[in-house]
Amino acid sequence: MIRTLTIRRPDDWHLHLRDGAMLRGVLPETARHFGRAIVMPNLVPPVVTAADAVAYRDRILAALPEGADFTPLMTLYLTEQTDPEDVAAAYQDGSVAAVKLYPAGATTNSASGVRDFDKVRGVLDRMAEIGMPLCVHGEVTDPEVDIFDREAVFIDRVLDPLRRATPGLRVVMEHITTSDGVAYVADHHKDIGATITTHHLIINRNHILAGGIRPHYYCLPVAKREKHRIALVEAATSGDRRFFLGTDSAPHTDAAKQGACGCAGIFSAPNTLSCLAELFEAADRLDRLERFTSLNGAEFYGLKPNAATITLTRGDPMDYPETLDTGAGPVTVFDPGFPLHWHVA
Ligand code: DOR
Ligand code: ZN
């Protein structure tokens, strides 16, 4: 049995860090294990201009623990008012790595997202010209569409038409949750990649709803049936370069999660790598963990893998706190429902 595993320092290609006291509380959890992260722009108000992104990056850098080896990669929140030239200049001078598309109303703080795709055509065309990636929250918001079908319907109604209308646009389907998402990426070789979260590799919809309602397993897109989880595990462990880790670690305080209308989001930064090592080991694919966590995403974003490495060691089940105390309040840590034997040195 393999007992230690050394891999390039991982990157998180989809992460929520928030701001203020919450940022200061959660950032060390990511910076401990990850070299870089694509930081989501859904603050209140959202990060919409290059100047907003640079100011947010500076707040993140100021919140980093001494000596941390971590670089935030910033994103802009696409609105119908976004200026194509502001976006292009920010990409070309390195202050922003990608643009994030939220269909209006799809998820937490997405009210300023896109309603009319014709209004963002100029931005998308400019991004295609310069090779800048578009990160997509792939769910329709049509109230007529069942919440478990929103990803599959988005692919047909929005994603595929959008990619055809903008040849050369490089798209990351964020946090795919279905076999439809896996199949779409697998069938379209050019200019497409997908992130997969740790929790969608581990939970299905029963975890949220069977035997009592579990707010800490509620996120968007919502976890689907077991057959979809299995398709995600196959994609993540396949070694296919188009699939890479984006944890979507999304902290909310327990008070915000446990109310009558609880927020969507699962906080997995502290134990994500231990969860993934356990999962890849169970699939007999530990040799492909590095591709998923440390190589494929960098390649998609046109970056070198991190030079530093981390070592995972198999030992007794890990003790980790159930909640992280932040200055904003306690935040529950993702419970994979099985013991974690892989410790990150
Ligand atoms: O579960 C989620 N939480 N999904 C998202 O898309 C947003 C995120 C958040 O910001 O809390
Ligand atoms: Zn997210």
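**Exercise 1. Charges over rings**

In this predicted model, the charged end of Arg 205 sits over the ring of Phe 148, 4.6 Å from its centre. Find the ring under the charged end of Arg 170, and give the distance from its centre.

*Solution.* 
- Step 1. Start with the worked case: Arg 205 over Phe 148, at 4.6 Å.
- Step 2. Turn to Arg 170. Its charged end lies over the ring of Phe 300, and the distance to the ring centre is 4.3 Å.

**Exercise 2. An aromatic pair**

How many aromatic pairs does a search of the whole structure find? Classify the pair formed by Tyr 217 and Phe 334, and state which parts the pair ties together.

*Solution.* 
- Step 1. The search finds seven aromatic pairs.
- Step 2. Take the geometry. The centres of Tyr 217 and Phe 334 are 6.1 Å apart, with 75° between the planes.
- Step 3. Apply the cut-off. Planes over 60 degrees apart count as edge-to-face, and the pair of Tyr 217 and Phe 334 is edge-to-face.
- Step 4. Place the residues. Tyr 217 is in the loop between helix H7 (205-209) and helix H8 (226-236), and Phe 334 is in the loop between strand E12 (329-332) and strand E13 (342-344), so the pair joins parts 117 residues apart in sequence.
- Step 5. Check burial. Tyr 217 is buried at a relative accessible area of 11%. Phe 334 is buried too, at 2%.

**Exercise 3. The sides of helix H2**

Which residues of H2 are buried, and why do they fall on the same side of H2? Then name exposed residues on the face turned away, and elements that cover the buried ones.

*Solution.* 
- Step 1. H2 covers residues 50-63, which is 14 residues. From first C-alpha to last it reaches 20 Å, close to the 20 Å expected.
- Step 2. List the buried residues of H2: Ala 50, Ala 53, Tyr 56, Ile 60 and Ala 63.
- Step 3. Look around the axis. These residues cover an arc of only 140°, so they lie on the same side of H2.
- Step 4. Turn to the face away from the buried side. Ala 51 and Ala 62 are exposed there.
- Step 5. Find the cover. It includes helix H1 (20-31), strand E3 (36-39), strand E4 (71-77) and helix H3 (84-92).

**Exercise 4. Salt bridges**

How many salt bridges does the structure hold? Describe those of Glu 85 with Arg 126, Arg 32 with Glu 29 and Asp 240 with Arg 242.

*Solution.* 
- Step 1. The structure holds 14 salt bridges.
- Step 2. Begin with Glu 85 and Arg 126. Their closest N and O atoms are 2.9 Å apart. Glu 85 lies in helix H3 and Arg 126 in helix H4 (residues 121-130), so the pair ties together parts 41 residues apart in sequence.
- Step 3. Compare accessibility. Glu 85 is partly exposed at 44%, while Arg 126 is buried at 19%.
- Step 4. Glu 129 is linked with Glu 85 and Arg 126 in a network of salt bridges.
- Step 5. Take Arg 32 and Glu 29. The closest N and O atoms are 2.9 Å apart. Arg 32 is partly exposed at 47%, and Glu 29 is buried at 11%.
- Step 6. Finish with Asp 240 and Arg 242. The closest N and O atoms are 2.6 Å apart. Asp 240 is partly exposed at 22%, whereas Arg 242 is buried at 12%.

Terms used: Residues are numbered from 1 along each chain as its sequence is written. Chains are lettered from A and ligands numbered from 1 in the order in which they are written. This is a predicted model: local features need pLDDT of at least 70, side-chain atom pairs count only at pLDDT 80 or more; totals for chains, interfaces and linings use all residues. Side-chain values use heavy atoms; hydrogens and water are left out. Helices (H or I, at least four residues) and strands (E, at least two) are DSSP runs, numbered from the N terminus. The expected span of a helix is 1.5 Å times one less than its number of residues. Buried means under 20% relative accessible area, exposed over 50%, partly exposed in between (1.4 Å probe, protein chains only). The arc is that of the directions from the helix axis to the C-beta atoms. Contact means heavy atoms within 4.5 Å. Rings of Phe, Tyr and Trp (its six-membered ring) pair if their centres lie within 6.5 Å; planes under 30 degrees apart count as stacked, over 60 as edge-to-face and the rest as tilted. A charge sits over a ring if NZ of Lys or CZ of Arg is within 6 Å of the ring centre and within 35 degrees of the ring normal. A salt bridge is a side-chain nitrogen of Lys or Arg within 4 Å of a carboxyl oxygen of Asp or Glu.
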